[in-house]
Every structure is written in C-alpha cells, then in structure tokens.
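I'm opening my notebook on a structure that is new to me. I'll jot down what I look up, one entry at a time.

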Amino acid sequence: MNVGARIKKHREKQNISQDELALKVFVSRQTISNWETNKSYPDIKSLTMLSNIFHVTLDDFIKGDIEEMKKIVSKEKIEKFNIMSYIFLVEMLILMFSAYPLFTLDGYGVIIWALFFVITFVTAIVIEKFKKKNDIQTYKEIIAFMENKSLSYEEVQQEIGKRNYQKILLTILTGLITFIIFIIEIFIMKKL
C-alpha cells in the first residue's frame, strides 16, 4: 500500500507538521505517523478528509491500493480470520473452565494450566498480528465506498459487535493474567 507515502508527500508539500495534520483530521499525531509508515491504514472518513485537505481526488489519493485491498479482503482471508477467532474462543473457554480442576492437582495442574494459558496467549497475538496486517474492516469500507456501495447495516453492526467482543475478551485475558500472578504468589508463599 502506498497511501502512507502519499500522505507524507502531500503533508510535506503543504509544509504541515504531523501534529497540525492530526488536528485537521481529528486523530492523534501517532496515528498520522502510523499511516505514514504503513503501520495502519486510514478509514474512509479520514481518507476523505485527507483528500480534501490535500486538494486531490480520493481516486488519485488511493490509486493502486484498491486492487491490493480487494486481494486482502478475499473470502479466504476472512474465513481464516473467522477460524482463528473460533479457535481463540474455544481456548479461552477451556482456559476458564479448567482452572479450578487443574489447580486442585497441586503443582502439576498449575503447570498444565499455565502451558495452556501460554498457548492461548500466543493465539491472541497471532490474531492481533493478522488483524493489523490485514485491516479487513477498513478495506471493506473503502472498497464499498469506491464502488458507490455501502456496507449493509448487518455488516456494520457485525463489525461493531466484534470490536466490543474483542474488548470483552481483552478484559477477561487481563483478569486471567492477574489471577495467574496471584496464584503463583500463593504457590510461592506456601513453599516458603
């Protein structure tokens, strides 16, 4: 994707700092930096604002990126993401419901549970990397906009729901990490 280079080129051409551009687009300076370094991709609203600020058409601004977005939003990648999400959900459920039975097995149960926790944590990291690399929702919105279509209400709500779902899972994961630290401390104190 070349939009990052285009943002930087137009920003520098107009002699605007990242901070100034961030104020105009209503995002943080870090977000502008992430766009320019291709760590993330602007959503359709931000792209529209950027094209207005830089006095270029949206087509010219994101030319070449649309075909690449269509490849990324391919059915196979979406299916892969969904499969990874289901695996993570199953791992989280097993992790939650196996804690008590495994902790009653003394040290070995804690070790087994900790190993499974590490596996679940690695799955979460893999999913996050996949999401960052393949910004599927943003690309879907941009492609639909460029084709004079819009995402259906159901598609938009599904994505909003996924975001809330992901926040809940992140909260649960944080709680589990805290719980593990607590159990390890208790285990260490008993040994002393």
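I looked up W113 and F117, and both are buried (buried is under 20% relative accessible area, exposed over 50%, partly exposed in between, with a 1.4 Å probe and protein chains only). W113 counts as buried because its relative accessibility is 1%, and F117 counts as buried because its value is 11%.

A note on the source before I go on: this is a predicted model, where local features need pLDDT of at least 70 and side-chain atom pairs count only at pLDDT 80 or more, while totals for chains, interfaces and linings use all residues. Residues are numbered from 1 along each chain as its sequence is written, and side-chain values use heavy atoms, leaving out hydrogens and water.

**Entry: the aromatic cluster**

How many aromatic pairs does the structure hold? I found 2 aromatic pairs. The rings of W113 and F117 have centres 5.9 Å apart and planes at 20°, so this pair is stacked. F117 also pairs with F121, again stacked, at 6.1 Å centre to centre and 20° between the planes. My cut-offs: rings of Phe, Tyr and Trp (its six-membered ring) pair if their centres lie within 6.5 Å, and planes under 30 degrees apart are stacked, over 60 edge-to-face, the rest tilted.

W113, F117 and F121 form one aromatic cluster. W113 and F117 are 4 residues apart in helix α8 (residues 106-133), so about one helical turn separates them. F117 and F121 are also 4 residues apart in helix α8, about one turn. Helices (H or I, at least four residues) and strands (E, at least two) are DSSP runs, numbered from the N terminus.

**Entry: around W113**

Leaving aside its neighbours within four places in sequence, W113 is in contact (heavy atoms within 4.5 Å) with L95, S98, A99, L102, F103, L176 and I180. The W113 side chain reaches the backbone oxygen of L95 at 2.8 Å.

S98, one of those contacts, lies in helix α7 (residues 75-103). S98 counts as buried because its relative accessibility is 15%. Its side chain reaches the backbone oxygen of I94 at 2.7 Å.

**Entry: Q18**

Next I went to Q18, which lies in helix α2. Q18 counts as buried because its relative accessibility is 17%. The Q18 side chain makes a polar contact with the side chain of E36, at 2.8 Å. For a polar contact I need a pair of N or O atoms within 3.5 Å; within protein, one must be able to donate a hydrogen and the other to accept it, and residues adjacent in sequence count only if both atoms are side-chain atoms. Beyond its neighbours within four places in sequence, Q18 is in contact with R11, R29, I32, S33 and E36.

**Entry: confidence**

I checked pLDDT, the predictor's confidence in each residue, from 0 to 100. The protein averages 78, and 75% of the residues score at least 70. Where is confidence lowest, and where is it highest? Helix α9 (residues 136-146) is lowest at a mean of 67, and helix α2 (residues 18-25) is highest at 92.
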